[in-house]
Amino acid sequence: MSMFLGIDTSASGLTAERLRMDVISNNIANANTTRTENGGAYHRRYVVFNQRERSAENFETVLQQTLGKGQKIGEGVRAVSILEDTDQGPLVYDPGHPDANADGYVEKPNVNIVTEMVDMITAHRAYEANSTVINAAKAMALKTLEIGK
């Protein structure tokens, strides 16, 4: 197992959580946007993650297949796509609003600030956890180098 596999796996987590925080920030920034470029109210977006696959076979994967352990070592995470939540936002009666329909209702974005803040805290904690793993791996590597002294 590579010494840097843990760092690489955590680095992919850092990248994924940073993207997730950017998308959540965009949702919060557009919490009151009733007109977008495509027309209609803003719809919240969310990131879909998937397991990252190792691009090339190396000695470790060949050895695992040969021994038939069936255990898979984590390869990290990657963002597959950013999807839009298609649920309709709440309708608010405001006949004087420029985006009101014929009945005087305005569709507000389907962004719930409380949900977005909880998601932001979760993403921040995951980012911190991955950062801690990288720091621990770095400390172990430094201690390993001190053994030869």
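This is a predicted model: local features need pLDDT of at least 70, side-chain atom pairs count only at pLDDT 80 or more; totals for chains, interfaces and linings use all residues.
Start with the overall layout: the protein has 3 helices and 4 strands, and going along the sequence they come in the order α-β-α-β-β-β-α. Of the 149 residues, 25% are buried. Helix 1 (residues 5-29) and helix 3 (residues 113-146) pair up, with axes that come within 9 Å and cross at roughly 160°. That angle makes the two helices roughly antiparallel, and the crossing of helix 1 past helix 3 is left-handed.

Next, the charged contacts. The structure holds 8 salt bridges. One of them joins R35 and D99, at 2.5 Å from N to O. R35 sits in the loop between helix 1 and strand 1, and D99 in the loop between strand 3 and strand 4, so this contact ties together parts 64 residues apart in sequence. R35 is exposed at 52% relative accessibility, while D99 is partly exposed at 24%.

E84 and R45 also form a salt bridge, with their closest N and O atoms 3.3 Å apart. Here strand 2 is linked to strand 1 across 39 residues. Both partners are partly exposed, E84 at 38% and R45 at 26%. R44, E116 and D119, in turn, are linked in a network of salt bridges.

Finally, the nonpolar surface: L91, Y93 and Y105 make up a patch with about 330 Å² of accessible area together. Y93, from strand 3, is exposed, with a relative accessible area of 54%.

Terms used:
Residues are numbered from 1 along each chain as its sequence is written. Side-chain values use heavy atoms; hydrogens and water are left out. Patches are made of residues with over 30% relative accessible area and no salt bridge: like charges are joined within 9 Å, nonpolar side chains (Val, Leu, Ile, Met, Phe, Trp, Tyr) within 5 Å. Accessible areas come from the Shrake-Rupley method with a 1.4 Å probe; for residues, only the protein chains shown count as cover. A salt bridge is a side-chain nitrogen of Lys or Arg within 4 Å of a carboxyl oxygen of Asp or Glu. Buried means under 20% relative accessible area, exposed over 50%, partly exposed in between (1.4 Å probe, protein chains only). Axes are lines fitted to C-alpha atoms, for helices over the stretch in contact, and angles run from 0 to 180 degrees between N-to-C directions. Angles under 35 degrees count as roughly parallel, over 145 as roughly antiparallel, 65 to 115 as roughly perpendicular and the rest as oblique. A crossing is left-handed if the near helix is turned anticlockwise from the far one by less than a right angle, and right-handed if clockwise.
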